[in-house]
Amino acid sequence: MQLLKFVSIITINLTILISVYKIIKFYYYFNFIPFADGWATNSVLILERPYAGIFSIICIVLSFDQILLKTKGKYMFILSLLLSTFFIFFISIRISILTLFVLFLLYGLFYYKVSWKRKIVFSSATILMFSVIFLLNKNIIKRFFIDESVKKTIEITKQFEPRVVIWGCAKEITNQDDFSVLFGTHSYSNIKNSLVNCYSESVTDYSRRNWFLEHSFNTHSQFIDLFLIGGLFGISLFVIFLAKNIYINNKDFCSVAIVVSFIMIFAIENIFHRQFGCFIFTIFTALYLNKKQIISDKAKN
């Protein structure tokens, strides 16, 4: 397990360094940072932005785990943690920034072994730190569609965030006659066709409608996807699985952090629709889930 963790940390750091090199090269030729445009972003990153983000979060958790275990060469793990954190903010991966914020608060409130006064100070400092980063980084503000007023922010989000359309169309599927709240709809092909039909009818702008139709976007949420295909029965099994593993491993921050990180990405991506997504979920949850049982078995032997 330790070897796999070390290899994972090294591999993720290599992908980050290669991506940073490609970003610098892109800037040299085009004189702008490419993270506002989808085509430019994908051209400089080894992985698509959400997957680059979850990899960076995993690297942070793995590195922090080694620091807590006081593994030899801890300064290398501190450097690894800082590199992944910098990368997340540098390329403005929204869900990873939010995940990192949640993990900071989670650790400060429930795992940082100090008095509650210090916990509150730590949590307040975390909120202040992230707020300052948001205010100072224009790219992050742009990525979160933050504007001068809440009303303007909502308008911009509706205009530029594709999930507003996607999730609206997903909701339309639940109104179909063949959809069962308990057991969902009968096939993924029905979900795909219904989404495409909804994009065709609901998106009025010609170029944007063609963009939606060309990409045939899935539901962009693992939870919504499971509800549509399996209803309350399907989504409940999945939520119980995640909740059970948090409960079993609740005393180990890194185990909980891995599950929470995937829950965050599940909210905005269908990672099980890709083989790569299935791989990273299986590999990295296997490193930590049921850790309590593994430790118990070792103690008995």
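Let me begin on the surface. Val181, Leu182, Phe183, Leu232, Phe233 and Leu237 make up a nonpolar patch there, and together they have about 610 Å² of accessible area. Keep in mind that this is a predicted model.

Where does Phe183 sit? Its place is the loop that runs between helix H9, residues 162-173, and helix H10, residues 188-202. Is Phe183 buried or exposed? Its relative accessible area is 53%, and exposed means over 50%, so Phe183 counts as exposed.

Now to the inside. Rolling a probe the size of a water molecule over the atoms shows where empty space is left. How many cavities of 30 Å³ or more does the structure hold? There are 2.

The largest cavity first. Its volume is about 50 Å³. The residues lining the largest cavity are Thr15, Ile16, Ser19, Ile46, Leu47, Ala52, Phe55, Ser56 and Phe87. Two elements give two or more residues to this lining: helix H1, residues 2-30, and helix H3, residues 49-68. Sorted by class, the lining of the largest cavity has 6 nonpolar and 3 polar residues, with no charged ones.

Next, the second largest cavity, with a volume of about 40 Å³. Its lining consists of Pro50, Gly53, Ile54, Ile57, Ile95, Ser96, Thr99, Ser261, Met264 and Ile265. Which elements supply at least two residues each to the lining of the second largest cavity? They are H3, helix H5, residues 94-110, and helix H13, residues 253-268. The largest share comes from H3, with 4 residues. By class, the lining of the second largest cavity divides into 6 nonpolar and 4 polar residues, and again none is charged.

You will find Phe281 in helix H14, residues 275-286. Is Phe281 buried or exposed? Its relative accessibility is 11%, and the limit for buried is under 20%, so Phe281 counts as buried. For orientation, Phe281 and Lys113 lie 168 residues apart in sequence, and their C-alpha atoms are 29 Å apart in space.

To set the two phenylalanines side by side: Phe183 is exposed, at 53%, whereas Phe281 is buried, at 11%. That is where I will stop.

Technical notes: Residues are numbered from 1 along each chain as its sequence is written. This is a predicted model: local features need pLDDT of at least 70, side-chain atom pairs count only at pLDDT 80 or more; totals for chains, interfaces and linings use all residues. Side-chain values use heavy atoms; hydrogens and water are left out. Patches are made of residues with over 30% relative accessible area and no salt bridge: like charges are joined within 9 Å, nonpolar side chains (Val, Leu, Ile, Met, Phe, Trp, Tyr) within 5 Å. Accessible areas come from the Shrake-Rupley method with a 1.4 Å probe; for residues, only the protein chains shown count as cover. A salt bridge is a side-chain nitrogen of Lys or Arg within 4 Å of a carboxyl oxygen of Asp or Glu. Buried means under 20% relative accessible area, exposed over 50%, partly exposed in between (1.4 Å probe, protein chains only). On a 1 Å grid over the protein atoms alone, a cavity is a set of points where a 1.4 Å probe fits but cannot get out, and a pocket is an open set with protein on both sides within 12 Å along at least five of seven lines; lining residues have an atom within 4 Å of a point. Grid points are joined across faces, edges and corners, and a volume is the space filled by probe spheres set on the points. Ala, Val, Leu, Ile, Met, Phe, Trp, Tyr, Cys and Pro count as nonpolar, Asp, Glu, Lys and Arg as charged, and the others, Gly among them, as polar.
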